[in-house]
Amino acid sequence: MPKPAPLQNTDALIRLDQVGYASGETKTAVLLAPRAPDGARVTVIDGHGRKVLAPVVGRSRGVWNATFRDVRPIDLTSLTRPGTYRLRVEGPVTAESPPFRVGNATELFGPLAQNSVQYFQAHRDGADQVAGPWRRQPAHLADRQASVYDRPSFDEDGRLTDALTRAGGPVDVEGGWYDAGDFLKFTHTTAYALVAMLLVQRDGLGPAGLDAETRHGVDWLDKMWDADTATLYTQVGIGSGLSTGDQRFLGDHDTWRLPQDDDRLAVTPGDGRYYQRYRPVFRAAAPGQALSPNLAGRVAAAFALAAQVEAAAEPARAKAHLAAAEQIFGLAETGDVGQLVTAEPRSFYPEDSWADDLAVGATELALAARKLGDPRAQDWARQATRWAKVNADNGSTAELSVYNLSAVADAELARALTAAPVAGAEIDAAGLGRDMRRRLDAGVKAAAGNPMGAAVGLGGSDYAARQLGYTAAAELYEHLTGDGRYATFATAQRGVTLGANGWGTSLIVGAGTTYPRCPHDQIASLTADAATTAGMVGAVVNGPNAATRIHELIADPSPSPCGSNTFAAYDRDDTHYTDNVRVSANTEPSIDFTATSLLAFALTAKQH
């Protein structure tokens with residue numbers, strides 16, 4: 001039987017999860033119509049053109065933009081038979097969806113978790129590269145003997161104001177992952193990524209290659225911690241250069257290039273590109289001094305999770321990582337905290353919470369100690385309950401992201417307390433569950449007021465990753481409690497990231513039928529050829545963002561090397577999306593975005 005011909009002269013749009021839906025989960029498509037679709041005929045057709053379902057159009061959720069003034073949900077939940085389908089609307093308005101699948105969650109979402117690992121492989125720094133379509137070469141080998149500099153000063157716009165001052169070195173900081181589309185490396189984001197990745201690995205949810213990738217990341221984090229001097233290094237490279245004075249230089253963000261190009265630079269001190277080859281390293285604090293608690297907590301958590309993963313097969317390595325976690329956690333400043341340390345400049349990652357980091361750090365220390373038979377497990381668990389109580393009492397409803405690890409802290413500590421009660425605990429598993437529900441309930445409430453059902457709103461910084469943070473948090477809650485009350489919410493937030501948004505595009509490269517083709521990523525942009533037609537698969541981009549920010553980035557009148565205005569008709573006055581390599585606020589991927597994706601999809605593939 002021939003495939004059905006697509007509908008002609010469509011004037012409305014259908015947005016849905018382009019990867020698909022697990023057979024037993026709630027499934028909601030969204031119709032964006034130019035007028036009220038009263039009396040519209042809705043059908044689901046299979047790959048042979050047969051009508052298999054006749055759903056109805058739901059009540060209006062409001063307006064999308066000046067063209068698509070009526071937004072309506074269409075419930076497809078009763079479609080449970082595995083297969084590939086399309087949704088059609090005919091009558092007052094006409095629309096047809098892209099194809100979507102119904103099937104097994106592991107088959108649908110397991111490959112997305114696998115693609116996340118490929119993204120990390122493609123963004124390795126250093127000598128240890130993975131063969132693949134991006135033909136990566138060793139890069140930044142000068143990081144093996146890098147100089148340490150005092151923390152730099154910046155103006156309110158994040159621009160460097162003074163020359164760098166050398167403070168020590170050399171130190172070996174070769175390896176790790178590039179943070180985003182640039183070549184900077186951050187302890188703050190790497191620790192977050194490792195927490196998410198090691199959770200997946202520890203619980204046996206990991207795709208192929210994850211163990212090697214986490215080892216690569218942990219090996220670099222080892223280098224960023226000097227136990228002998230109690231020094232935590234936070235960053236390799238400097239984003240912005242110095243554009244004034246007699247010591248001007250270019251920063252990482254000032255040249256579009258492949259990473260190995262930096263190793264070919266013939267430069268001496270004072271040359272404009274000196275710091276692109278001989279990259280500066282910065283510290284969180286002077287040797288032996290107290291550490292910003294957000295960093296101390298999350299880095300300790302990453303090392304303690306590594307210890308849990310290594311405990312059975314590599315007990316000596318596990319004990320070394322437990323010792324590192326203990327030492328770092330013990331240096332956390334919890335009195336006069338002041339401004340948190342994340343990156344240079346801090347505006348790259350303006351985190352403002354830290355009790356969640358300490359809660360997850362102490363929890364993972366306790367769990368690692370239990371695995372290794374260390375008697376300090378109870379004390380660390382007790383400390384974890386203290387910080388979890390402080391965190392719960394602050395009333396925050398922040399979703400899981402690089403800025404807030406509360407969902408992970410709550411779920412991990414509840415699991416630990418259920419397995420072994422702790423005398424003197426300041427919060428119990430029930431209280432941790434209430435904190436998780438409070439955060440998820442805030443997301444459910446926000447989604448109810450959004451035309452696309454998106455908890456994070458219409459757009460903004462870290463948009464796609466924050467949507468997936470809600471999905472991951474809801475899955476963590478269900479894995480912990482068996483309570484599926486947030487399952488529909490989790491599916492909807494995942495769907496927004498995979499195409500059920502106003503622009504009808506997946507925000508993950510390689511996922512769905514329409515996805516970013518021009519990510520703001522130097523490796524993807526400068527290596528793309530016939531061998532990489534699918535793009536930098538697994539990369540989670542930012543997604544829609546404030547229109548004012550997008551206007552700033554597309555002001556350059558010269559032609560973009562990769563870009564399209566295909567999505568302009570779907571923009572709102574306040575929020576825009578464009579698939580353009582120049583528009584980092586829409587299309588730049590990062591390791592923290594992609595780690596959140598890995599966690600969300602690994603949990604989803606296992607749950608259903």
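# Notebook: helices, loops and backbone in a predicted model

I began with the secondary structure and noted 16 helices and 19 strands in the protein. I took helices (H or I, at least four residues) and strands (E, at least two) as DSSP runs, numbered from the N terminus. The model is a predicted one, where local features need pLDDT of at least 70 and side-chain atom pairs count only at pLDDT 80 or more, while totals for chains, interfaces and linings use all residues. Residues are numbered from 1 along each chain as its sequence is written, and side-chain values use heavy atoms, with hydrogens and water left out.

**Entry 1. Overall form**

I looked up the radius of gyration, taken over C-alpha atoms. The protein has 24 Å, which agrees with the value near 25 Å that a compact globule of 608 residues would have. The globule rule is 2.2 Å times the number of residues to the power 0.38. Along the principal axes, the C-alpha atoms fill a box of roughly 75 × 65 × 40 Å.

I then turned to burial, where buried means under 20% relative accessible area, exposed over 50%, and partly exposed in between (1.4 Å probe, protein chains only). Of the 608 residues, 58% are buried. The accessible surface (Shrake-Rupley method, 1.4 Å probe; for residues, only the protein chains shown count as cover) comes to about 22600 Å², and 49% of this belongs to carbon and sulfur atoms.

For contacts I used heavy atoms within 4.5 Å. Among contacts with a separation of 6 or more, 74% are made by residues 24 or more positions apart.

I also recorded the charges, with Lys and Arg as positive, Asp and Glu as negative, and His and the chain ends not counted. There are 57 positive and 71 negative side chains, and the centres of the two sets lie 6 Å apart. Each charge was placed at NZ of Lys, CZ of Arg, CG of Asp or CD of Glu.

I compared helix lengths with the expected span, which is 1.5 Å times one less than the number of residues. Helix H5 (residues 293-310) has 18 residues and should span 26 Å; its end C-alpha atoms are 25 Å apart, which agrees. I found 17 of the 18 residues of H5 buried.

Helix H11 (residues 463-481) should span 27 Å with its 19 residues, and its end C-alpha atoms are 28 Å apart, which agrees. H11 is largely enclosed by the rest of the structure, because 15 of its 19 residues are buried. Just after H11, Gly-482 takes a positive phi of about 80 degrees.

I located Glu-426 in the loop between helix H9 (406-419) and helix H10 (429-448). Glu-426 counts as partly exposed, because its relative accessibility is 43%. Leaving out residues up to four places away in sequence, Glu-426 touches Thr-385, Arg-386 and Lys-389.

Asn-542 is in the loop between helix H13 (522-527) and strand S16 (545-546). At 6% relative accessibility, Asn-542 counts as buried. Beyond its neighbours within four places in sequence, the contacts of Asn-542 include Asp-462, Tyr-463, Asn-586 and Phe-593.

**Entry 2. Backbone**

Which residues does a cis peptide bond join, with omega about 5 degrees? I found one between Gly-169 and Pro-170, and Pro-170 is placed in strand S11 (residues 166-171). The peptide bond from Glu-344 to Pro-345 is also cis, with omega near 5 degrees. Pro-345 lies in the loop between helix H6 (315-330) and helix H7 (355-372).

I checked positive phi in residues other than glycine and noted Arg-135, near 50 degrees. Arg-135 is in the loop between helix H1 (105-122) and strand S10 (146-149), and its 46% relative accessibility makes it partly exposed. Ala-230 has phi near 55 degrees, again positive. The loop between strand S13 (225-226) and strand S14 (231-236) holds Ala-230, which counts as buried at 13% relative accessibility.
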